[in-house]
Structure formats: C-alpha cells, structure tokens
Amino acid sequence: MEKQIRNIPMVALRGMTIMPEMVVHFDVSRAYSIQAIQQVMQGEEQQVFLVAQRELNIEDPDLKDVFEIGTIATIKQVIKLSKNMLRVLVTGEERATLISLEKEEGYLNAQVEVIEEPQAEEEVVDNPRAKNIQELFLEYAMKNGKIPKDVITQVADEKTFLGLVNQIAANVPLDYLNLQDILEETDLNRRYEVLAFKIANEMEVMHLKEEIQGKVKERIDRHQKEFILREQLKVIREELGEDNMLSDAEEFETATKKLKASKEIKEKLMKEIHRFKSAMNSSAENGVIRTYIETMLEMPWDKMGKDNTDIAYAKQVLEDEHYGLEAVKERILEFLAVRSLTKKGESPILCLVGPPGTGKTSIARSLSEALKKPYTRISLGGVRDEAEIRGHRKTYVGAMPGRIANALKMSGVKNPLILLDEIDKVSNDYKGDTFSALLEVLDSEQNVKFRDHYLEVPIDLSEVLFVTTANSLQTIPRPLLDRMEVIEISSYTENEKMHIATQHLLPKQLQKHGLTPEQLKISKGAIWKIARNYTKEAGVRQLERKIGDICRKSAREILETGKSSIRVTERNLEKYLGKEKYSYQMINETDEIGIVRGLAWTSVGGDTLQTEVNIMPGEGEILLTGQLGDVMKESARTGISYIRSVGEKYKIPEDFFKKHDIHIHIPEGAVPKDGPSAGITMATAMISAITNTKVRADVAMTGEITLRGRVLPIGGLKEKLLAAKSAGVKTVLVPEKNMRDVEEISSEITRGLEIIPVSYMDEVLKTALIYEENENEN
C-alpha cells in the first residue's frame with residue numbers, strides 16, 4: 001500500500017487530544033496558531049493537523065515538544081472572540097504521524113503521514129468484543145449521567161467494529177493523556193483493549209466515589225439524627241430538671257482536653273466521662289463518677305511550683321523564726337545550694353527527731369517559706385489503716401483518695417512540701433500495715449509511679465519534698481528509717497529557752513492577747529524562773545503557755561485597774577503563776593555512803609536520779625524498788641555479779657553476800673524508770689555501801705556496765721549533761737566512747753563541768769569514792 005504524505009498547517013493543543021469522529025470546539029490565542037487557522041480557511045479542504053503538546057507551559061513548541069501522532073480534522077466553524085482569540089469547531093477525521101515541522105509565513109506547517117485504518121469493516125453482531133465494549137460503554141454512560149442521549153443512541157446503532165471503537169473513544173470523557181494513549185494505538189484490537197481497560201478503570205473510580213459519597217452521606221445523616229435526638233433529649237431533660245448533667249459532661253470533656261497530663265490519665269478520664277453520660281439515670285452511680293472525675297481534674301498532674309534558690313533569703317527566714325537548731329538549718333541550706341547548682345537535685349526525705357515542743361513542726365513550715373513552696377501537713381498519729389495512705393477503692397461506699405494524693409490536690413502543685421507529722425505514732429491492725437504503705441511513698445526509686453487505689457493511675461511523688469517528725473526512732477521500722485535522713489533536735493538549754501522566749505514566744509503571745517511591749521514587760525530573770533520552776537520539758541511549749549497565762553492575767557488587770565503598764569519580775573511572778581511547781585533536786589551538801597547521783601534521759605529532757613543502797617543482815621536477798629524496768633533490774637544484777645567477782649580486791653568477805661541483803665532504791669517511786677545507763681551508778685552505790693566508803697556528792701555518772709566491769713556508751717548525753725549542770729554537779733563521768741558526742745555539744749552546756757571519760761569500773765571508783773577519808777576513819 002502506498003504511503004499518503006501530506007503538508008498541512010498544524011495547531012499544537014495544550015491539555016487536549018482530538019480523536020477521529022470527535023466533534024469539539026477549542027479556543028486559539030497564540031499568533032502562529034491563529035495564522036494556521038486563517039491559512040486553512042483560505043483553502044478548499046479546510047483541514048488542519050491537531051496534535052497535543054507534551055508540556056503545557058511551552059509557548060513556542062518544536063517537533064520534540066509535541067506527540068508523534070495527532071488527528072487531521074476538518075474545521076466547521078470559526079468565531080472571533082475578544083482579545084484576538086478564535087473559537088474553532090472541528091470534526092476529527094483520521095490519524096496521522098508527524099514527520100517534520102516547519103514555520104512558514106507565521107504558522108506551523110507539518111508534514112504528516114496518514115495512518116490507514118483496516119479496510120474490511122467487521123460487523124458488530126459478528127464480533128463478541130464489539131458487543132462487550134458496547135455494553136461496557138452503555139453501563140458507563142448510565143453511571144456517568146453526563147453523556148448526551150444522541151451519543152448513546154449512535155453508539156447503540158453503530159454497525160461496524162471500527163466505527164464503534166472510534167465513536168466510544170471520541171465520546172468517553174477521559175483526560176488528554178489517556179486519549180493520547182488510545183490515539184497512538186494503530187492496531188484496532190490493541191486499541192480496543194486499551195479503551196476497554198480505561199473505561200473499566202473509570203467505572204471503578206466512579207464506583208469508589210459513589211461508595212465514599214454514600215458513606216459521607218450516611219455519616220452526615222447519622223450526625224443529623226444524633227443532633228436531633230440530642231436536642232430532643234435536652235428538651236426532655238430541661239423539663240425534668242436534669243439539663244445540667246449533660247452540660248457538666250461537656251465541661252468535663254473540655255477540661256480533660258485542656259489538661260496537661262499523660263495519655264494514660266486522659267484516656268482514663270474520657271472513659272469515666274463516657275460512663276458518667278451513661279449513668280445519668282442512676283443518681284447513686286452518677287455521684288460516685290462525678291466525684292472521681294472532679295478529683296482527677298483537680299490533681300496537679302503537670303503543675304510545678306517554682307522553687308526559691310536564694311540562699312541568703314532562706315537563711316534569713318530560718319534565723320528569724322528559729323533560735324538554735326544549727327544542724328537542721330545547715331542541712332536545709334546545703335539542699336538549697338545543690339538545687340541551685342543542678343537546677344533540679346533529688347529532694348531529700350528529712351526526719352526531724354526530738355522531744356515534744358522543740359520546734360520540729362514549725363521548722364518544716366519555715367522550710368516551706370524559705371523555699372517558697374506550698375505547705376501541707378499530714379498528721380499520722382494513730383493512723384492504722386493502710387487505705388489512709390493509699391486511698392480507698394472506688395467500689396467502696398464513701399471512697400476517697402489517700403492522704404498523700406489529697407495533700408497534692410490541696411497544694412495545687414506536684415512539688416509541694418508535705419510534712420508527715422508524728423510518723424512514730426503510726427499503728428497497725430488487721431486493715432493493713434501502714435508503715436509498709438509509707439515505704440513506697442518515701443522511697444525515691446519507687447515513688448515516681450505511686451499508685452493511689454482511688455485514682456487508679458500513677459502519681460509522680462519524686463518532686464515532693466517530704467519532711468517527717470518523730471519523738472522517738474524506736475517504733476519506726478528499720479526499712480522505713482533507712483529511707484529517711486535523720487536529723488536529731490535535742491533539748492533546749494536554759495539559755496536557748498531564754499532567747500526563744502524573748503525573741504519569739506513573748507512577742508507572739510503579746511500580739512495574740514492584744515497587748516503591746518509597753519503594756520507588759522517580763523524580765524529575763526522571770527523568764528528564767530518560769531523555765532526552771534514552772535515547766536519541766538525539753539522544748540518550749542509549756543513555757544509559751546505560762547507566758548500566755550501571764551498575758552491573760554495582765555490584760556484583765558490593765559482593764560480592771562486602769563494601769564498603763566505591768567512589769568513581771570522574779571519577785572511578783574508568784575502573783576501571776578502561783579506557787580512553784582518544780583524544783584531541781586540539787587546535789588547533796590555532804591559526801592555520803594551508798595548514795596550516788598545518776599543521770600537519766602526522759603521524754604521531757606534530762607534528769608538526775610539519786611540511787612540509794614542499804615546493806616542489812618539477811619540471807620543474800622536483792623531488793624529493787626522505785627518502779628524499775630526489766631533492763632534496769634538486769635543492770636543491777638550485772639553490777640552485783642561484777643562486785644562479787646572483784647570482792648577480794650575490795651576486801652569483801654567471801655560469805656558477805658550470804659549473810660546480808662542488798663536493797664537498791666531510786667526515789668520518785670511513782671515514776672517508771674528503765675534503761676541500762678544507770679549500771680555504773682548502781683554498781684558504785686553498792687560498792688560504797690558494802691565497803692562503807694563515801695561517795696563524792698559533786699559527782700554524777702552515766703554508763704552501762706558489763707560483767708567484766710567495762711563501761712559501755714549510752715544515748716541522750718546532751719540532756720543528761722544539762723540535768724547535771726542544773727543540779728549543781730561539778731564532775732561528770734561518761735563512757736570514753738561518748739567523748740565524740742561531748743565534742744559536738746556547745747560550750748554553753750559543758751562550761752563549768754569537769755567531764756571525765758571512763759572505760760572500766762576501776763576508773764569510776766577511783767574518781768567517785770573517797771578512799772583517803774575512809775582509810776583515816778579506819
């Protein structure tokens with residue numbers, strides 16, 4: 001077959017492909033395209049070669065910028081538009097391959113080769129593929145809904161396979177690249193396959209769009225339905241007076257979204273809010289869930305208080321509010337220094353141990369002020385239920401969070417100062433071990449995820465500064481004690497009490513009772529006498545009460561008599577406080593046999609115990625009186641065993657203990673006494689009585705004795721030395737291993753005392769007994 005080559009004007013189309021059998025119009029604006037149309041209209045055939053550009057943004061296309069195959073079309077109509085534009089109506093005739101391209105007289109002239117179509121036209125009825133694509137197109141036209149009816153009729157009435165394929169290709173609304181793929185298929189069967197595939201693909205896309213639109217419509221319908229139902233429910237609830245519940249749930253949801261907390265906490269809250277909505281008909285369950293949600297929202301999950309790192313300010317606060325307590329102040333300032341340098345630092349768990357009234361609770365309050373932290377106090381005295389610490393489970397009626405979680409909620413931040421007051425007073429029963437619950441709270445390794453039974457989500461306690469107080473460490477379990485840094489607050493000296501009273505207690509009580517310093521003046525001598533003769537304590541609580549008594553009586557006297565001022569001194573103190581209640585048992589004026597001054601520690605400070613021993617004819621019986629405890633009784637028997645073992649050294653007859661009874665008595669028999677520290681005191685008194693040797697009246701002693709006469713160390717040395725000084729003692733014998741404690745005691749206490757270290761009973765007896773006088777008497 002001879003090739004048909006033609007020279008014909010060309011128009012390059014952007015974003016458009018013309019197919020044979022296609023009737024379509026397009027606008028022309030480029031100058032060379034307009035010139036090409038005008039050139040065509042001057043000829044007889046009025047045909048133009050239309051080919052699509054590869055790139056849409058090219059203004060002056062060349063041979064490489066257009067596709068190889070285009071369509072020869074006949075121009076049916078040309079309309080001039082504004083702005084030098086033409087609207088051209090064309091009919092696609094036949095395919096052609098672009099061979100070369102030249103610019104002539106302002107337009108593009110193309111040399112093309114016409115592509116011959118098959119001559120033998122197969123009837124549609126004889127070709128199953130023709131029937132298939134015909135049905136496929138008709139199905140597509142029904143789904144599309146935008147294809148004109150006359151086009152559908154033409155396709156349905158088409159008789160030949162070639163005409164059917166061309167008609168469908170010309171009328172399927174595909175993009176220009178898909179149409180170009182079909183145009184470039186010169187083989188009819190292959191063209192059929194490509195066309196069928198693209199129509200099927202378009203139908204699948206349409207199906208997906210319909211499915212998505214259906215789902216969107218269904219969702220919109222459902223939302224509209226829910227909206228209508230909610231509005232109806234809202235009206236019903238308004239009629240029933242229950243409309244606030246739904247608004248409360250919405251408020252809870254809004255607050256939860258704004259809450260700065262972990263994902264676990266937010267999910268737990270949203271779950272409970274959903275339950276809250278579902279339980280609106282049950283008032284009992286609704287109230288429980290509401291309380292839980294409100295508690296969770298009030299917890300400071302991520303709210304941090306800014307710590308003060310100004311050490312000078314903290315030091316000033318501590319000095320202004322507390323006199324003495326140097327160890328506590330030093331430790332607090334060290335903590336602040338570390339926090340200032342590291343910007344974080346581990347929060348220590350401080351345990352302040354000391355007698356009542358020594359300022360343990362107030363030092364914690366001052367610490368919070370120095371750090372500028374929120375302060376919360378939890379009293380643990382008598383707490384015996386583990387749920388008090390961990391909280392009650394929500395299933396119980398009246399359930400609530402534990403005291404730790406509640407303290408965090410009250411403080412409003414996750415890093416407050418929490419004071420666990422009287423931790424040594426915690427007790428246990430069948431409801432659980434409270435001390436074990438405190439182990440997790442006070443362990444820095446575990447309290448990062450402390451789990452409260454009520455909240456059911458982990459709470460971070462690692463940022464909390466815990467301070468605990470106790471009067472004694474004896475009742476605190478060892479594992480719990482190991483987690484705390486113990487700071488001992490010992491008894492105040494009389495001088496310290498004087499400073500505390502004048503600087504803190506007196507101004508506080510004057511303000512409390514509406515008096516001014518000019519209206520009531522209390523002399524230092526009077527305060528000294530109140531501390532010595534009207535109170536007996538390690539702290540200053542009773543002292544403050546006595547000052548309060550004076551303030552009340554003075555206020556009444558000022559109002560009744562019209563006095564402008566009152567001065568309280570040692571002389572008129574009895575008028576305001578009555579007779580003296582306490583008098584220190586001063587040392588004996590003369591040296592005596594069998595009477596030794598011992599030193600003891602009590603919960604209210606130190607005291608002196610006069611130990612008396614009498615020897616009587618008898619059968620070797622040992623009598624112990626004065627409400628002595630088991631440990632003290634054992635110390636007495638240990639002392640006797642030691643004396644019997646060294647009897648020959650002190651010229652004690654072998655049958656002495658068989659023919660004599662020994663009676664040991666410690667006065668103030670109504671007061672229980674116990675402990676091993678009176679061991680050397682009782683042994684010295686017994687040797688004095690047995691050997692008829694006098695004991696120095698100005699000597700006091702303390703220490704535990706062993707069977708071999710060794711002297712073991714004791715505790716509470718500061719309080720014991722205070723008691724010795726108050727009683728007028730000149731010389732004090734203390735165990736040698738306690739001398740390191742003596743070095744830490746202020747010179748105010750040790751001044752005027754001769755403190756002699758002893759390791760064995762021989763050293764004790766050498767100092768305490770008066771051998772020379774005894775020998776002279778013999």
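Mentor: First, the classes: Ala, Val, Leu, Ile, Met, Phe, Trp, Tyr, Cys and Pro count as nonpolar, Asp, Glu, Lys and Arg as charged, and the others, Gly among them, as polar. Keep in mind that this is a predicted model. With those classes, the lining of the second largest pocket divides into six nonpolar, nine polar and nine charged residues. The lining has 24 residues. Gly359, Ser362, Lys508, Val540 and Glu544 are the ones that lie nearest the centre of the pocket. About 640 Å³ of space lies in this second largest pocket. Three helices each supply at least two residues of its lining: helix 12 (360–371), helix 17 (494–512) and helix 19 (541–561).

A search of the whole structure finds one cavity of 30 Å³ or more. The largest cavity holds about 70 Å³ of space. Its lining is made up of Asn588, Thr590, Glu592, Ile595, Val596, Arg597, Gln610, Val695, Arg696, Ala697 and Val699. By class, that lining splits into five nonpolar, three polar and three charged residues. Strand 17 (residues 595–602) gives the most to the lining of this cavity, with three residues.

One surface feature to finish. Leu208, Ile212, Val216 and Ile220 form a nonpolar patch, with about 350 Å² of accessible area together. Leu208 lies in helix 6 (residues 188–240). Leu208 is partly exposed, at a relative accessible area of 42%.

Note on methods
Residues numbered from 1 in each chain as written. Predicted model: local features only at pLDDT ≥ 70, side-chain atom pairs only at ≥ 80, totals over all residues. Heavy atoms only, no water. Patch = residues over 30% accessible without salt bridge, like charges linked within 9 Å, V, L, I, M, F, W, Y side chains within 5 Å. Areas by Shrake-Rupley, 256 points an atom, 1.4 Å probe, with all protein chains shown as cover. Salt bridge = Lys/Arg side-chain N within 4 Å of Asp/Glu carboxyl O. Helix = DSSP H or I, 4+ residues; strand = E, 2+ residues; numbered from the N terminus. Buried < 20%, exposed > 50% of the residue type's maximum accessible area, 1.4 Å probe, protein only. 1 Å grid on protein atoms, 1.4 Å probe; cavity = no way out; pocket = protein on both sides within 12 Å on 5 of 7 lines; lining within 4 Å. Points joined across faces, edges and corners; volume = space filled by probe spheres on them.
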